[in-house]
Amino acid sequence: MMILSLSKDTIQVLKEQDVVFLKNRVKETAVKIKMGLVNQTRLLTAASELVRNMMRYANGGVCLIEVVSSGRNNGVRLTFSDRGPGIPDIAAAMRDGFSTGKSLGLGLPGTKRLVNEFDIKSKVGEGTVITIIKWANG
């Protein structure tokens, strides 16, 4: 499946106001591609969990917001990148009920269930990159 990026917006997330700005920008992007309300809610919930993790464990990072297209379907791709401690055991972090802190309680597996595509790469001591895609009609 060929995915084309139609627009890009990079947002630095270092303080609480940045989190609010990011969530507003994600919502605007979802509305722009005519994503339904249920899928918008799923995307925003996933984005909230991932940005909170980025703030909590890595003291912030960067989020790339892209409108992507595959065939006739448009979607929103979010790439969260940080230079935090990394995740030593991704398999454990992807199990339901795994937590190292107080969060929304969704964790990474809950976030994965909210979106159509989920990819995580992490190196201990270097940081983590998580990419999600939510399709407007999916």
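Strands here are DSSP runs of E, at least two residues, numbered from the N terminus. The model is predicted.

**Stop one: Glu 66**

Select residues 61–70. This is strand β2, and Glu 66 is found in it. Now show the surface around Glu 66. Is Glu 66 buried or exposed? Its relative accessible area is 5%, so it counts as buried, the cut-off being under 20%. Next, display its contacts. Leaving out residues up to four places away in sequence, Glu 66 touches Ser 5, Ser 7 and Lys 8, along with Gly 75, Val 76, Arg 77 and Thr 79.

**Stop two: the second largest pocket**

Move to the second largest pocket, with a volume of about 190 Å³. Its lining has 14 residues; select Asp 82, Arg 83, Glu 126, Gly 127 and Val 129 for those closest to the centre. Then colour by element. β2, β3 (73–82), β4 (117–123) and β5 (127–135) each give two or more residues to this lining.

Most residues other than glycine have a negative phi.

Select Lys 34, in the loop between α1 (16–32) and α2 (37–58). Its phi is near 65 degrees. Lys 34 is exposed, because its relative accessible area of 70% is over the 50% cut-off.

Go on to Asn 59, in the loop between α2 and β2. What is the phi of Asn 59? The value is near 55 degrees, again positive in a residue other than glycine. Asn 59 has 63% relative accessibility, so it too counts as exposed.

Conventions:
Residues numbered from 1 in each chain as written. Predicted model: local features only at pLDDT ≥ 70, side-chain atom pairs only at ≥ 80, totals over all residues. Heavy atoms only, no water. Helix = DSSP H or I, 4+ residues; strand = E, 2+ residues; numbered from the N terminus. Buried < 20%, exposed > 50% of the residue type's maximum accessible area, 1.4 Å probe, protein only. Contact = heavy atoms within 4.5 Å. 1 Å grid on protein atoms, 1.4 Å probe; cavity = no way out; pocket = protein on both sides within 12 Å on 5 of 7 lines; lining within 4 Å. Points joined across faces, edges and corners; volume = space filled by probe spheres on them.
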